[in-house]
Amino acid sequence: MRRRTELPGDSADAQSRYLEAAVNGVLIASLYAPNGNPRPGPKFVYKLAWMERLAAHSAELYAAGVPVVLAGHYNVVPTDRDIYPRNSYAKDALVQPESRALFKRILDQGWMDAIRTLHPVAPMYTFWDYMRNRWSRDAGLRIDHLLLSPKVAERLVDARVDRSVRAKEGASDHAPAWVMLRDRAIGPLRSSA
């Protein structure tokens, strides 16, 4: 079984933010990208450098042509439709043009955003801060993402966010996001549009 316990590109980086393992013929990467706050400052610089490394590694994985799922807490709100109408996050690292551009660079390599592909209009928030009653107001963000290589995308059955988990007492401020895949590809993914 192939395993990787760090994101390549910086041997001095001691933070544990990336894990990769082959499971039943699919390479699954679990990641926890840096938050980047406060911005500006060294934490934002680290976030951007880490995302640059992720973009470089994801390009290598994509070029390998193998089934890959890049799953995790990216700490990036890709677009304004992925966040409730807000002013309070305007200066946050999660919504900055630099963060969004790096996430888009990864998508532009050819990765499928599973949640957004199957739910193009719905907010599909994955995070609601405990501050300011954000859960009860549905003032959420989509910062957890499941990106699929073409060999996995053709096996996609479903992708969702389990919002009900977030409502439980003592729950995390994140709700689980997940994908369901066929055992084998049965042909090209067809759109109903």
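View 1. Helices (H or I, at least four residues) and strands (E, at least two) are DSSP runs, numbered from the N terminus. The model is predicted, so that local features need pLDDT of at least 70 and side-chain atom pairs count only at pLDDT 80 or more, while totals for chains, interfaces and linings use all residues. Residues are numbered from 1 along each chain as its sequence is written, and side-chain values use heavy atoms, with hydrogens and water left out.

**View 2. Strand β4 (residues 68-73) and β6 run antiparallel and are joined by five bridges.** Two strands pair if DSSP finds at least two bridges between them. Within this view, H73 stands opposite D144 in β6.

**View 3. R142 and D113 meet through their side chains in a salt bridge (2.9 Å, N to O).** The pair links distant parts of the chain, 29 residues apart, with R142 in the loop between α3 (114-118) and β6 (144-148) and D113 in strand β5 (residues 112-113). Both R142 and D113 are buried, where buried means under 20% relative accessible area, exposed over 50% and partly exposed in between (1.4 Å probe, protein chains only). A salt bridge is a side-chain nitrogen of Lys or Arg within 4 Å of a carboxyl oxygen of Asp or Glu, and the whole structure holds 11 salt bridges.

**View 4. D108 and K104 form a salt bridge through their side chains (2.8 Å, N to O).** Both residues lie in helix α2 (residues 97-108), four residues apart, about one turn of the helix. D108 counts as exposed because its relative accessibility is 55%, whereas K104, at 47%, counts as partly exposed.

**View 5. D158 and R160 form a salt bridge whose closest N and O atoms are 2.9 Å apart.** D158 is buried, with a relative accessible area of 15%, while R160 counts as partly exposed at 39% relative accessibility.
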